[in-house]
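I opened this notebook to record what I looked up in the structure, entry by entry.

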Amino acid sequence: MAINWTEAQIEEVVASVIKNLKGEAPAEECKNWDSTQYCGRRLIGVYADMNDAIDAATAGYKAVRSMRLEEREKIIAAIRELCRTEAPIMAKLGVAETKMGRVAHKTAKHILVADKTPGTADIVAQVKTGDDGLTLTEMAPFGVVGSITPSTNPSETVICNSIGMIAAGNGVVFNPHPNAIATSNYAVDLVNRASKMAGGPAVLVASVVKPTLDTAQIMYKHANIRMLVCTGGPGVVKSVLSSGKKAIGAGAGNPPVIVDDTADIKKAAKDIIDGCSFDNNLPCIAEKEVFAFKNIADELISEMQKNGAYKINAEQAARLAQIVLVDAKNPKTGIVKKTVSRDCVGRDAAVLLAKIGVRVGEEIRCIICETDFEHPFVQHELMMPILPIVRVNDIDQAIDLAVKAEHGNRHTAHMHSKNIDHLTRFARAVETTIFVKNAPSYAGIGFGGEGHTTFTIAGPTGEGLTSARSFTRYRRCVLSDGFRII
Ligand code: NAD
């Protein structure tokens with residue numbers, strides 16, 4: 001499918017997928033779902049006990065290991081096909097369960113996963129020949145991977161990780177976010193149905209009915225789990241990196257955007273609002289705060305308003321901050337810190353505005369406000385369509401503040417500019433895994449930008465945009481004094 005991910009075309013793709021649905025009940029007709037069943041159909045690969053889930057994933061791993069690459073690719077093709085067909089079901093289920101995000105955008109994210117997650121072609125052996133013979137380096141599976149997934153992309157992450165991990169020859173067991181467990185387990189079931197359809201094992205990947213911190217600990221400690229892959233906020237990344245096992249940590253971001261006075265301001269405004277409002281700002285790569293040159297800030301704001309942004313004043317922003325950020329006490333240290341309200345994360349702009357008494361129509365997809373650098377909207381990763389804009393004097397101040405706002409996550413940053421020196425300076429200073437120039441944030445994960453997609457972007461542990469090869473270990477095989485044929 002040819003994809004040009006403009007807003008209008010996302011809607012078009014979604015409409016066509018819905019039209020082509022084969023045989024599945026649309027999610028709105030199915031109110032009866034939980035972490036074990038969907039409309040009375042029992043989900044495959046979901047166990048009450050984490051130890052049983054790990055046993056099932058271990059059996060899945062053994063089956064994958066004995067398959068030819070061709071057979072693995074057949075299963076992956078079936079996963080892609082089912083993911084495309086059932087994208088709207090998972091999107092609706094995700095929104096219904098988590099109350100976060102937008103169905104059309106979640107549908108588009110699933111199609112992106114189906115189309116642009118690398119399969120077995122990502123696993124490439126290397127050969128070195130010389131006077132002493134031939135050395136072969138192959139990317140081998142780790143074994144069974146334990147994967148922790150977030151509430152923000154619950155089924156997307158399960159399917160994307162499954163494709164990559166299976167392509168690499170691994171088994172996988174999931175401990176999904178408890179607030180998104182029905183959606184994540186639907187995706188586990190989808191992978192297993194695809195496996196069976198393609199002649200693979202009936203249970204290829206596994207999960208649990210009720211994931212908890214305790215089930216995560218069982219996973220961390222189980223002898224069969226050789227690698228942990230964790231996608232989420234700072235707490236879980238820290239915990240997985242303390243596990244003593246090989247771990248990939250894909251952590252939080254707070255992506256800043258710089259707009260300088262060489263940018264195409266109309267395009268920058270539209271791109272920023274498109275990216276920031278995509279799935280109500282749930283993607284970790286989405287624009288979270290803007291640093292705009294003061295000589296173009298008024299025009300930028302005005303163009304944003306023409307593209308579905310609603311501007312609130314300082315007093316309204318202060319009231320909204322009281323609502324979207326709440327006090328949370330650390331049970332261990334007793335220290336109270338501001339944290340995002342789970343009742344506000346991923347909600348529509350209209351819903352958030354209604355909380356401060358402002359009524360708007362569906363055309364409003366993002367809230368903007370002018371703030372100073374210290375404002376909590378700049379400092380916190382809100383994951384909701386609220387975008388603070390800070391005026392800056394010049395590129396030095398823009399880079400200084402943007403780097404500080406990114407908080408050293410080294411995750412994602414964006415810039416709208418035609419000045420190569422500015423672009424280069426910011427990219428060097430911010431050191432993020434993803435740097436998007438003159439496009440909406442989602443171009444960074446292959447949505448209207450070149451390159452593969454992933455929903456596990458591993459900054460802390462350095463794999464970057466993970467793919468099948470990230471879930472492998474290198475093994476060397478040496479043949480001395482032979483097989484050099486020149
Ligand atoms: P979260 O941190 O609340 O939860 C993520 C997962 O970790 C969940 O499955 C949760 O149950 C589990 N978890 C939390 N603490 C744990 C612990 N101590 N031990 C074991 N498991 C634990 O995240 P969320 O709200 O679902 O997702 C949003 C966060 O994830 C944001 O910070 C976002 O930036 C980040 N994120 C990062 C990426 C990436 O690729 N880098 C992708 C998506 C989301």
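**Entry 1: the antiparallel sheet**

In what order do the 3 strands of the open sheet with antiparallel pairing stand? I read the order as 4-5-22. The model I am working from is a predicted one. I noted strand 4 (126-130) and strand 22 (472-480) as the edge strands, since each is listed with pairing on one side only. Neighbouring strands of this sheet are turned against each other by 20 degrees on average, with direction ignored.

I then looked at one pairing within this sheet. Strand 4 is joined to strand 5 (residues 133-141) by 5 bridges in the antiparallel sense. Opposite Gln 126 I found Thr 137 of strand 5.

I next looked up an open sheet of 6 strands, whose pairing is parallel and whose order is 3-8-7-6-9-10. Strand 3 (46-47) and strand 10 (246-250) stand at its edges with a single partner strand each, so one side of each has no neighbour in the sheet.

**Entry 2: a hairpin**

Strand 14 (residues 325-329) and strand 15 (residues 336-340) run antiparallel and are joined by 5 bridges. For Ala 328, I found the bridge partner in strand 15 to be Lys 337. The hairpin has 6 residues between its strands, and Gly 334 takes a positive phi near 75 degrees.

**Entry 3: the ligand site**

Which residues come nearest to the ligand? Of the 30 residues around the ligand, I listed Thr 149, Ser 151, Arg 342, Glu 381 and Ile 457 as the nearest. By class, this shell holds 14 nonpolar, 14 polar and 2 charged residues.

I went through polar atoms facing the ligand one by one. The side chain of Glu 381 places an N or O atom 2.5 Å from an oxygen atom of the ligand. For His 411, a side-chain N or O atom is 3.2 Å from a nitrogen atom of the ligand. Ser 239 has a polar side-chain atom 3.3 Å from a ligand nitrogen atom.

How much of the ligand does the protein bury? The ligand taken alone exposes 850 Å², and the protein buries 87% of that. Helix 8 (213-221) and helix 9 (234-241) are the elements that give two or more residues to the shell. Helix 8 gives the most, with 3 residues.

**Entry 4: aromatic pairs**

I counted 6 aromatic pairs under the ring-centre cut-off of 6.5 Å. Among them is the pair of Phe 278 and Phe 447, which is edge-to-face, with 5.1 Å from centre to centre and 85 degrees between the planes. Phe 278 belongs to the loop between helix 10 (265-277) and strand 12 (289-293), and Phe 447 to the loop between strand 19 (434-437) and strand 20 (457-458), so the pair ties together parts that are 169 residues apart in sequence.

Conventions. Residues are numbered from 1 along each chain as its sequence is written. This is a predicted model: local features need pLDDT of at least 70, side-chain atom pairs count only at pLDDT 80 or more; totals for chains, interfaces and linings use all residues. Side-chain values use heavy atoms; hydrogens and water are left out. A residue is near a molecule or strand if one of its heavy atoms lies within 4 Å of it. A polar contact is a pair of N or O atoms within 3.5 Å; within protein, one must be able to donate a hydrogen and the other to accept it, and residues adjacent in sequence count only if both atoms are side-chain atoms. Accessible areas come from the Shrake-Rupley method with a 1.4 Å probe; for residues, only the protein chains shown count as cover. Helices (H or I, at least four residues) and strands (E, at least two) are DSSP runs, numbered from the N terminus. Ala, Val, Leu, Ile, Met, Phe, Trp, Tyr, Cys and Pro count as nonpolar, Asp, Glu, Lys and Arg as charged, and the others, Gly among them, as polar. Two strands pair if DSSP finds at least two bridges between them. Axes are lines fitted to C-alpha atoms, for helices over the stretch in contact, and angles run from 0 to 180 degrees between N-to-C directions. Rings of Phe, Tyr and Trp (its six-membered ring) pair if their centres lie within 6.5 Å; planes under 30 degrees apart count as stacked, over 60 as edge-to-face and the rest as tilted.
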